[in-house]
Amino acid sequence: MKTVNPTSRAISDVLASTPKDKPVVMLNLLQFRDQANYEDGRSGISGREAYKEYGKGAIRCIHAVGGDLVWSGEPTGLLIGPEDEHWDEVLLVRYPSLDAFLTMIDSPEYKAIVHHRTAAIEDSRLVPTLEA
């Protein structure tokens, strides 16, 4: 099942199981569309290019809530997992808390750029993790 954005239920479940006062590192697995799919019909840009546009604004939003990009890279394959699953980019983003992440995604600045992410992504996973 391809997924792009979190559901309200997923957010509620994570809120119920994640301590509010601990740093959270979000594992992002991203698969880009060949061509970005904007709701307004705009065309001529790849999914990867649309995600780069999102990333320019997203990093400012991440920093605004005290977060930081920890690591990003391009996978070279998949050793364990479904054979038909592949990811184009992997990111680790650290936030001071889950509340900081939620504050970010609810901010007007983030809401103004998230359409680039939605247009860019064919499939994704976002896994909140607690530092050990």
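Is glutamine 31 buried or exposed? Glutamine 31 is buried, with a relative accessible area of 8%, where buried means under 20% relative accessible area, exposed over 50% and partly exposed in between (1.4 Å probe, protein chains only).

## Basis of the model

This is a predicted model, in which local features need pLDDT of at least 70, side-chain atom pairs count only at pLDDT 80 or more, and totals for chains, interfaces and linings use all residues. Residues are numbered from 1 along each chain as its sequence is written, and side-chain values use heavy atoms, with hydrogens and water left out.

Glutamine 31 lies in strand β1; helices (H or I, at least four residues) and strands (E, at least two) are DSSP runs, numbered from the N terminus. Of the 9 residues of β1, 8 are buried, so the strand is largely enclosed by the rest of the structure. Leaving aside residues up to four places away in sequence, glutamine 31 touches Lys2, His86, Trp87, Asp88, Ala120, Ile121, Glu122 and Asp123 (contact: heavy atoms within 4.5 Å).

β1 pairs with β3 in the antiparallel sense over 7 bridges, pairing being assigned if DSSP finds at least two bridges between two strands. Leucine 30 has glutamate 89 of β3 as its bridge partner. The pairing of β1 with β4 is also antiparallel, over 9 bridges, and places valine 25 opposite threonine 129.

## Helix α3

In helix α3 (residues 98-105), the buried residues are Leu98, Ala100, Phe101 and Met104. They lie on the same side of α3 because they cover an arc of only 160 degrees around the axis, taken from the directions from the helix axis to the C-beta atoms. Their packing partners are α1 (8-17), β1 (24-32), α2 (47-64), β3 (89-95), α4 (108-111) and β4 (121-130).
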